[in-house]
Amino acid sequence: MANRLASATSPYLLQHAKNPVDWWEWGPEAFAEAKRRDAPILLSVGYAACHWCHVMAHESFENEATAALINRGFLPVKVDREERPDVDTVYMQATQAMTGQGGWPMTVFLTPDRRPFYAGTYFPPTPRHGLPSFAQVLGAIEEAWRDRREEVVQSAGEITEQLAEMRTGSLAGEVSEADLDEALAALAREYDTERGGFGRAPKFPPSMLLEALLRLPREDAATMASGTLEAMARGGIYDQLGGGFARYSVDAGWVVPHFEKMLYDNALLLGVYTHAWRRTGAERARAVVEGTVEWLLAAMRTPEGGFAASLDADSLDLGGVLREGAYYVWTPAQLAEVLGPDDAAFAAAAYGVTPAGTFEHGASTLRLVGEPDPARLADVRARLLAARGRRTPPGRDDKVVAAWNGWLVEALARSGMVLERPAWVTAATDAAELVWRLHWDGSRLRRTSRSGRVGDAPGILEDYAATAQAAVTLAGVHGDPMWLDRARSLFAVIDDQFSDEEGGYHDTAADAESLVTRPADPTDNATPSGLSATVHALRAMAELSGEDSYAGRADRAVAATGRLVRAAPRFAGWLLADAATRLRSPAVQVALVGEPGPERQALVSAAWRSAPAGSAIVAGEADRPGLALLADRTPIQGRPTAYVCRHFVCRLPVTTVEDLHNQLAGP
């Protein structure tokens, strides 16, 4: 028998629709019921690809006895953190404040008015590793609520006050040349010179930071960027057979990933590796771009034209047991069964498969070791990939998240232009059209959809910013002002609903649901902060439209948080990238006019490959209405012509790829 979650759009919530737990979705009906019953709320937050979320679900939420304890004493509420990142952020701050750590599944106990008073993450079914059993936690909370209510309520009030006080510090300050140098020195101290990346295990792909390093014209920045990109591309975190990156590496050497694959990681890394190839011409970077896009189009595209949120970490092994990473790992015997003894020995050496195994149960993740023969490796890879295709694949969370699709549209369209892959541009455009058609209701943006049905969760700042930046990119790609009009609509909502009094931004709209505190986190983590994503979108709009108001708004947002670049550069990657462009490698505008055809296409390709990061590029008819960059740009002697401009002041027009490249490479 299904519970209330059976009607949800979130695949994560649907995973719990047949639990014996009497789950409610987050919303006013649940809170009213908790108040009516005078029961504390058990808030459980996770996401579909989360390994430990599955473990706790099987151990506790599918257990009849545990479910009876929950249903008797609590109002249980299940939240998909990807659908409601605002709820997740607020209660993750509470969890970290109470326990000193966080993660998913997140388990928080709230008063009926949603104030937290006890929190944790995974709780086992029996006491172990210093953790009480989940049943013990439930019993203790139920007893405290019944017998020591005043103490519980007082604790909830104190925690709520602490969350409010965490917002009082100011990060206001301009970003200077000295801040860039100090940030780079701090990063150099944390850089892992042997294995790439920053800090110790676990290691997450530092996507935004790598973008910043690629924009800084300094050898030490280039060394840190190239070392990290190479290490990840060779590591187990990258799917050597099928393409695409896992969420993070559990070790410092990128050997063993946490196997879930997230759309946002791959969107951001696609952009970074495309930039790396443009800058260095490294063939490994190009191979990663091509492999990642191949995987995205084959495995992550939805029937409606969007891109799914994630692939699960777990899948069935050959014995039918659900295990983390089972789809991806290999033993020497499995290689031999597919390849025969000689090629299996070659594959084991090339991919680092050992008799003892680098993962669990004697299996190894696949890494690229040394420089194996390319032709033989390609043959082996194809055969292993075909054999892997006969395994049971991991589950897919097929909801479409506006922000994640926005970042992918921007990266996929850009990589398609750089590598001259029109099919990639078409796929990016289709995804952007889906988000606009389904998620935009004419005045506001919704965060998620699934199977053509839009969800109830409102868009947060990152959704508006990523969708706007994607629209600006497509305006340049297609030479179509319609996309700029869409971006303007999104920026208008950002300005009206998300701006704060200091020049920065809140993560939730002014008229959104009122939580115990209003989220406004300026730090980049696995994804850019809403603020830094908005800064990048505003810069792109200013460059292409020529409207200084957008640049001014970006300047105010940076000034509201600029001290973060010096204080914590690892968590300010996109603000650092913005500063690098403004202070060290200025963006340009490139207008390309003339009849479509091979001659103009050669200029277009050269512009996308050679223009500095953050530049605006548009090709189209001269004086096309709605695209100021094309105004008064006329072809020279009837030939396709390029104009390289800064602040809409242009150098002499050129008609050859060589001259265009020289202008883009010059000061």
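**Ground rules**

I number residues from 1 along each chain as its sequence is written, and I work with heavy atoms for side-chain values, leaving out hydrogens and water. Since the model is predicted, I ask for pLDDT of at least 70 for local features and 80 or more for side-chain atom pairs, while totals for chains, interfaces and linings use all residues.

Helices (H or I, at least four residues) and strands (E, at least two) are DSSP runs, numbered from the N terminus.

**Entry 1: H9 against H23**

I started with helix H9 (residues 207-215) and helix H23 (residues 573-583), whose axes come within 7 Å and cross at roughly 15°. For the record, axes are lines fitted to C-alpha atoms, for helices over the stretch in contact, and angles run from 0 to 180 degrees between N-to-C directions. H9 and H23 are therefore roughly parallel to each other (under 35 degrees is roughly parallel, over 145 roughly antiparallel, 65 to 115 roughly perpendicular, and the rest oblique).

The crossing of H9 with H23 is left-handed, meaning the near helix is turned anticlockwise from the far one by less than a right angle. Next I listed who touches whom, with contact taken as heavy atoms within 4.5 Å. From H9 I got Met 208, Leu 209, Glu 211, Ala 212 and Arg 215, and from H23 Gly 573, Trp 574, Leu 576, Ala 577, Ala 580 and Thr 581. The residues of this H9 and H23 contact split into seven nonpolar, two polar and two charged. The classes are: Ala, Val, Leu, Ile, Met, Phe, Trp, Tyr, Cys and Pro nonpolar, Asp, Glu, Lys and Arg charged, and the others, Gly among them, polar.

**Entry 2: H8 against H23**

I then looked up how H8 and H23 pack: the angle is about 135°, with the axes 10 Å apart. That makes H8 oblique to H23. H8 passes H23 in a left-handed crossing. On the H8 side I noted Glu 177, Leu 180, Ala 183 and Leu 187, and on the H23 side Leu 576, Ala 579, Ala 580 and Leu 583. That contact of H8 with H23 counts seven nonpolar residues, no polar and one charged.

Leu 184 sits in helix H8 (residues 177-190). Buried or exposed? Leu 184 is buried, at a relative accessible area of 2% (buried is under 20%, exposed over 50%, partly exposed in between, with a 1.4 Å probe and protein chains only). Not counting residues up to four places away in sequence, I find Leu 184 touching Leu 213, Leu 216, Arg 218, Asp 220, Ala 221 and Met 224. I also checked Leu 184 against Arg 566: they are 382 residues apart along the chain, with 9.0 Å between their C-alpha atoms.

Ala 572 lies in the loop between helix H22 (563-567) and H23. Ala 572 is buried too, with a relative accessible area of 1%. Leaving aside neighbours within four places in sequence, Ala 572 is in contact with Asp 524, Leu 564 and Val 565.

**Entry 3: H4 against H6**

Helix H4 (residues 64-73) and helix H6 (residues 134-147) have axes that come within 10 Å and cross at roughly 20°. That makes H4 roughly parallel to H6. The H4 and H6 crossing is left-handed. H4 brings Thr 66, Leu 69, Ile 70, Arg 72 and Gly 73, and H6 brings Phe 134, Ala 135, Leu 138 and Glu 142. I log the residues of the H4 and H6 contact as five nonpolar, two polar and two charged.

**Entry 5**

Strand E4 (residues 106-110) is mostly covered, with five of its five residues buried. In a regular strand the side chains alternate between the two faces of the sheet. In E4, Met 106, Val 108 and Leu 110 point one way, and Thr 107 and Phe 109 the other way.

Two strands pair if DSSP finds at least two bridges between them. Strand E2 (residues 41-46) pairs with E4 in the antiparallel sense over five bridges, and Leu 42 has Phe 109 as its bridge partner in E4. On to strand E5 (residues 116-120): four bridges join E4 to E5, and the two run antiparallel. Tyr 118 of E5 is the bridge partner of Phe 109. The hairpin of E4 and E5 has five residues between the strands, and Arg 114 there takes a positive phi near 75°.
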